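Please look through the notes below with the structure open beside you.

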Amino acid sequence: MAPGLLGCVLVSETEAGAVAVRLTETEAYTGESDPASHAYRGRTPRNAVMFGPPGHAYVYFTYGMHFCVNLVCLSEGTAAAVLLRAGEVIEGEELARSRRPAARSPLELARGPARLCQALAVDRSLDGADVCDPSFSLRILPAASFRGGEAPPDAVTAGPRVGVRQAADVPWRFWLDGEPTVSVYRPHAPRKRTGGRR
């Protein structure tokens, strides 16, 4: 499912307008057999959407400051999701830029999972959204259906996952080869403790 989402378009419509992002990087996570997955220790209120029906958004808050969005991809009761890591803003660039004023170029507007959510105004209110429902504000479109064009034949590359402590070497991160909006690979680095007693 993760490589199949590359080239698809995630659209978010708000009162301010619409932003569309062509997905260029994804990352797969299974459930209780994957120590890097949020579902590894079973179902919780936070990850419940991962155990629900496929085609729904699993949105979580991380590091106390960022949202990330995943798409649930297996049958109900089996936790698995694909993290949407990066993309190219192909519609609504001005609106995306107003949400991402620190971006130095259009290539950085949705380069990385937190930036992608900022550009699209995705937060926990969209957790559980049915992104396959064409009438919903957050929805996924096949590459060929957007603007009525055909999807370009991009080469897909696979490699290790980003920033996870366990099972990081599993090659379940996928990206469009040569695509400049793909995020920079960074292995997991333990967080340094700050403050407290020495």
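**Notes on the helix α2 and the cores**

1. Helices here are DSSP runs of H or I with at least four residues, strands are runs of E with at least two, and both are numbered from the N terminus.

2. This is a predicted model, in which local features need pLDDT of at least 70 and side-chain atom pairs count only at pLDDT 80 or more, while totals for chains, interfaces and linings use all residues. Residues are numbered from 1 along each chain as its sequence is written, and side-chain values use heavy atoms, with hydrogens and water left out.

3. Why is helix α2 (residues 113-120) largely enclosed by the rest of the structure? Six of its eight residues are buried, so the rest of the structure largely encloses it. Buried means under 20% relative accessible area, with a 1.4 Å probe and protein chains only. These residues are P113, A114, L116, C117, A119 and L120. Their cover includes β1 (9-14), β2 (17-29), β4 (66-72), β5 (81-91) and α1 (93-99).

4. The largest nonpolar core has 33 residues, and V69, L84, L116, V122 and I140 touch the most other members. Such a core is a set of buried Ala, Val, Leu, Ile, Met, Phe, Trp, Tyr and Cys residues joined through side-chain atoms within 4.5 Å. A second, separate core of 14 residues includes F51, Y58, V72 and L83.

5. The chain has two helices and eight strands, in the order β-β-β-β-β-α-α-β-β-β. Of its 198 residues, 44% count as buried.

How values were computed. Buried means under 20% relative accessible area, exposed over 50%, partly exposed in between (1.4 Å probe, protein chains only). Contact means heavy atoms within 4.5 Å.
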